[in-house]
Amino acid sequence: MSALTSAEPAEETVRPENRAWKKLKTNRSAQFGLVIVAFFIIIALAAPILPIDDPLATSWSAVRKAPSAAHWLGTDEIGRDILSRMIWGAQASLLAGVVSVFIAVLVGVPFGLISGYFGGWTDQAISRVTDALLATPFLILAIALAAFLGPSLTNAMIAIGLSAVPIFVRLTRGQVLAVKTEDFVEGARAVGLTHTAIMGRYILPNVLAPILVQATLTVATAIIAEASLSFLGLGQQAPAPSWGSMLNVAKNFMTQAPWMAWWPGAAIFLVVLGFNLLGDGLRDALDPRET
Amino acid sequence: MSKAIDLNAAPVLSVENLALRFKGAPANIIDGISFAVRPGETLCIVGESGCGKSVTALSLMGLLPRSVAQVMSGTAMFGDHDLLELSQRAMADLRGNTISMIFQEPMTSLNPSYRIGDQIAEVVLRHKSVTRAEARQRALQMLDRVKIPAASSRLDDYPHELSGGMRQRVMIAMALANDPAVLIADEPTTALDVTIQAQIIDLIEELQKETGTALVMITHDLGVVAEIADRVCVMYAGHMVEDGPVEAIFDDPQHPYTIGLMSSVPSVGPRSGRLAAIGGMVPAIDNMPSGCRFTPRCPFAQTNCAVSQPPLDELGPSHRAACHYAPLETVFPEAVFQEAGS
């Protein structure tokens, strides 16, 4: 980013972010992941302007029609265009993935920072709660929270986000423990900086890389979790489309209209694959041990 | 050494009988440390690795957690404050402001994800009521003063874009950005190339002359000591064994450890025989003699040395040594003394 904003002539030294970007660009599978993710993000963003049918418009003359020229991906049990529902559903899925991870990072990273930086009983308290939450299976925790909050897409996002918090607490804590013994942290204390300044400007920036990788990988998990919650009726509510709820309906028509299940299934598979490949690529690119 | 130091001036930092003990340790890690520095004066604390030099510095900076390193006795008067008594918060207000420290490892002592100009400016912003622009201006001025070429274009560099010597210059710029009254330098040149070492030492000396900062230099490099020290304080295994003006320490060392230290310095030119070394090893903390800690290695040791702790006796003008038998040549007239130094 700095390379774009500064108008300096060709730099001889390579800034670390440039090096990471270069490595990412030469990594085929990461590129593939990036293309998939970018594709879904673009169609999700472009949903309102794409020349597609209204995802909620029913048609009694086109119930459970196989893919055709009029309906490229076919229609569902009440004649809605599946292509249109897939595209609008991408919005729900991606939004759920990104927003829930955002919540998880926003809550988890500060707790991890505090836990790792201060240590002592603060660390004990935070770590024990984290351990307890991690002992509960991710999806079970999300289902319990979503059921408690009530069924809606927003609540599903909150539930998934909170369920993913312990992952980030633990990851951040571990990274902070490694970074806080660095000489520059001692140096920051030696010039009288406050704990807040040291945590915010000396430790956080130096633990961000693994958090970014974990966040990307967790988006994939969160998308599956959202689909699962929607499948169980705890996420996106009818008639608004989401891949999970489309699968839920499709399971009743597996023999009569299998395409109803193909597309959302394939989309979930692809987007999760994309985020995983991208995350793995980021991990390799940001790993300082490899050159 | 012809620096204009007012010998009657009150010391800016005066440490009296400092003793620290790590929690659970059987003996004090440092004991009976006393020294004072006046404005513009350079005090070198010398001793081998593990003798407590860095612990002394870190405890003065308040950088050792008090739950781990307990102050057993002593005071460290800095102006009207006893540094050992100040709260963490008050200590943090002093650090980087009126008392600063330079570390040993310039390669790792700067935040890798933070531009150096911002790092220096942050220290100014933390302690002075200035605007961001003024702090940045100050950072630029400091980079200039530590002789970083093309300082204005270096301001936005990340630490990894600088060499070790340059990074140490940045560290010095940070430490001096607020014109501290006392600068503690903990082996600032150990990690650098020999040629760079000389430049950094010259730079520190020059800046000290300009600012009148009192300098406490921790080192085990006697060449550095000879070059910049006004006074020297020799430590061995946590005890102060000798202190005095640099000339006295080099020309007329009194404590057997100092004598051994001086004769183990290699010098340019022919030498007859092998380089002298002090035999034996520093005793472990759980195996310290209750008297003089140098006893097991001392060629002059007598039976009472291991049991009674010798006081720091005045032997010459502001020259003290902690040895029961100092001056040695009057007590052991038959002993042959190797010519100290070169």
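I count as helices the DSSP runs of H or I with at least four residues, numbered from the N terminus. The model I am reading is predicted.

**Entry 1: chain A overall**

I read chain A along its sequence and wrote down α-α-α-α-α-α-α-α-α-α-α. The tally for chain A is eleven helices and zero strands. I then took the extent of the C-alpha trace of chain A, which is about 75 × 50 × 30 Å along the principal axes. Chain A has 291 residues, and 45% of them are buried. I also looked at contacts in chain A between residues at least 6 apart in sequence. Of these, 69% join residues at least 24 apart.

**Entry 2: annotated domains**

I checked UniProt for both chains. For chain A, an unreviewed entry places "domain: ABC transmembrane type-1" at residues 90–279. Over that stretch, chain A is 83% helix and 0% strand. Its end C-alpha atoms are 20 Å apart.

For chain B, the UniProt annotation is "domain: ABC transporter", again from an unreviewed entry, and it covers residues 13–262. Here I found 38% helix and 25% strand. The end C-alpha atoms of this stretch are 28 Å apart.

**Entry 3: where chain B touches chain A**

How many residues does each chain give to the contact? Chain B gives 24 and chain A gives 17. On the chain B side, helix 2 (88–94) and helix 3 are the elements that give two or more residues. I sorted that side by class: twelve nonpolar, seven polar and five charged residues.

**Entry 4: helix 3 against helix 4 in chain B**

I placed helix 3 at residues 116–127 and helix 4 at residues 132–145 of chain B. Their axes come within 8 Å and cross at roughly 120 degrees. Helix 3 of chain B is therefore oblique to helix 4 of chain B. The crossing is right-handed.

Which residues make this contact? From helix 3 of chain B I listed B:Gly117, B:Ile120, B:Ala121, B:Val124 and B:Leu125. From helix 4 of chain B I listed B:Arg132, B:Ala135, B:Arg136, B:Arg138, B:Ala139 and B:Met142. The residues of this contact divide into seven nonpolar, one polar and three charged.

**Entry 5: B:Gly24**

I found B:Gly24 in the loop between strand 1 (13–22) and strand 2 (30–37) of chain B. Is B:Gly24 buried or exposed? B:Gly24 counts as exposed, because it has 6 C-beta neighbours inside 10 Å. The cut-off for exposed is 12 or fewer. Last, I took the separation of B:Gly24 from B:Val46, 22 residues apart along the chain. Their C-alpha atoms are separated by 27 Å.

Definitions and conventions:
Residues numbered from 1 in each chain as written. Chains lettered and ligands numbered in written order. Predicted model: local features only at pLDDT ≥ 70, side-chain atom pairs only at ≥ 80, totals over all residues. Axes fitted to C-alpha atoms, helices over the stretch in contact; angles between N-to-C directions. Parallel < 35°, antiparallel > 145°, perpendicular 65-115°, else oblique. Left-handed = near helix turned anticlockwise from the far one by under 90°. Contact = placed C-beta atoms within 7 Å. Nonpolar A, V, L, I, M, F, W, Y, C, P; charged D, E, K, R; others polar. UniProt positions renumbered as here; feature names shortened; annotations may be inferred. Buried ≥ 20, exposed ≤ 12 C-beta atoms within 10 Å, placed from the backbone.
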